[in-house]
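Here is a brief report on one model. It covers a helix pair, a ligand shell and a record annotation.

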Amino acid sequence: MDVYEAVATRRAVRAFDGTPVPHEVLARVLRAASRAPSGGNLQPWHVYVVTGEPLAQLKKRTAERVAAGDPGDEREYTMYPPDLPSPYRERRSAAAAQRYRGIARDDAAARQAAVARNWDCFGAPAALFCYLDRTMGAAQWADAGMYLQTVMLLLRAEGLDSCPQMAWSVYRTTVAEVVSPPERLILFCGMSIGYADPAASQERIERAPMAETVTFLG
Ligand SMILES: Cc1cc2nc3c(=O)[nH]c(=O)nc-3n(C[C@H](O)[C@H](O)[C@H](O)COP(=O)(O)O)c2cc1C
């Protein structure tokens, strides 16, 4: 698989078939992903890979919180700026409309159930949790994004799929109970990893026309 194909076939998969992912495959991907660039070569990320019993525990404990109507932990960062300006607001609602196609707009329970699938990792047998040192700034968070995209593309090369998930920051203390990060780390996001369920239909989320996001000069 070349890089174009890896980029084109990566999508946020929200239905996995549960087939376990061999440890050596995850280790190969994460070893290769360490070549991701970072300003000053800080490599400011720290990743916890969770499978098996610890992942089952995490899913169970989080499901209990969700079922109890627990709104989640105090947020440690803002997922989206308040009052998203145009064109970002429209892009976000277009993506949500595509994602929740088939669920009526006023069916809050069905929407909530779809969101709650985040905390079951959409059935994935593996997850990673990406933390950064609290002292890091915007540039290092961008580094973490490059690292995570590198991981996701390498997963494609292994026939695997993924879904990056800021949703895990909502129940970050439960993640922390399982992975025991040092206090100096802050959870950026989780990522579900596994083999896509071939029976599940998957929306291909549209992108803005290139002219909206790229300007060529010269
Ligand atoms: C940092 C980050 C966090 C995300 N968090 C979530 C999440 O919590 N739950 C989810 O279902 N998708 C999440 N996504 C996936 C995006 O919704 C998805 O990438 C976007 O809608 C484009 O769709 P595509 O990746 O399938 O092309 C996240 C993506 C990124 C990059």
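## Helix crossing

Helix 3 and helix 7 cross in a right-handed sense. A crossing is right-handed if the near helix is turned clockwise from the far one by less than a right angle, and left-handed if anticlockwise. Helix 3 spans residues 52-67 and helix 7 spans residues 172-179. Helices (H or I, at least four residues) and strands (E, at least two) are DSSP runs, numbered from the N terminus.

The two pack at an angle of about 155°, with axes 10 Å apart. Helix 3 is therefore roughly antiparallel to helix 7, a term for angles over 145 degrees. Axes are lines fitted to C-alpha atoms over the stretch in contact, and angles run from 0 to 180 degrees between N-to-C directions.

## Contact residues

From helix 3 come Pro 54, Gln 57, Leu 58, Arg 61, Thr 62 and Arg 65; they meet Thr 174, Val 175, Glu 177 and Val 178 of helix 7. Contact means C-beta atoms, placed from the backbone, within 7 Å. These residues divide into 4 nonpolar, 3 polar and 3 charged. Ala, Val, Leu, Ile, Met, Phe, Trp, Tyr, Cys and Pro count as nonpolar, Asp, Glu, Lys and Arg as charged, and the others, Gly among them, as polar.

## Ligand shell

The shell around the ligand has 8 nonpolar, 2 polar and 2 charged residues. Strand 3 (residues 161-165) gives the largest share, 3 residues.

## Model and numbering

This is a predicted model: local features need pLDDT of at least 70, side-chain atom pairs count only at pLDDT 80 or more, and totals for chains, interfaces and linings use all residues. Residues are numbered from 1 along each chain as its sequence is written.

Notes. Parallel < 35°, antiparallel > 145°, perpendicular 65-115°, else oblique. Contact = placed C-beta atoms within 7 Å.
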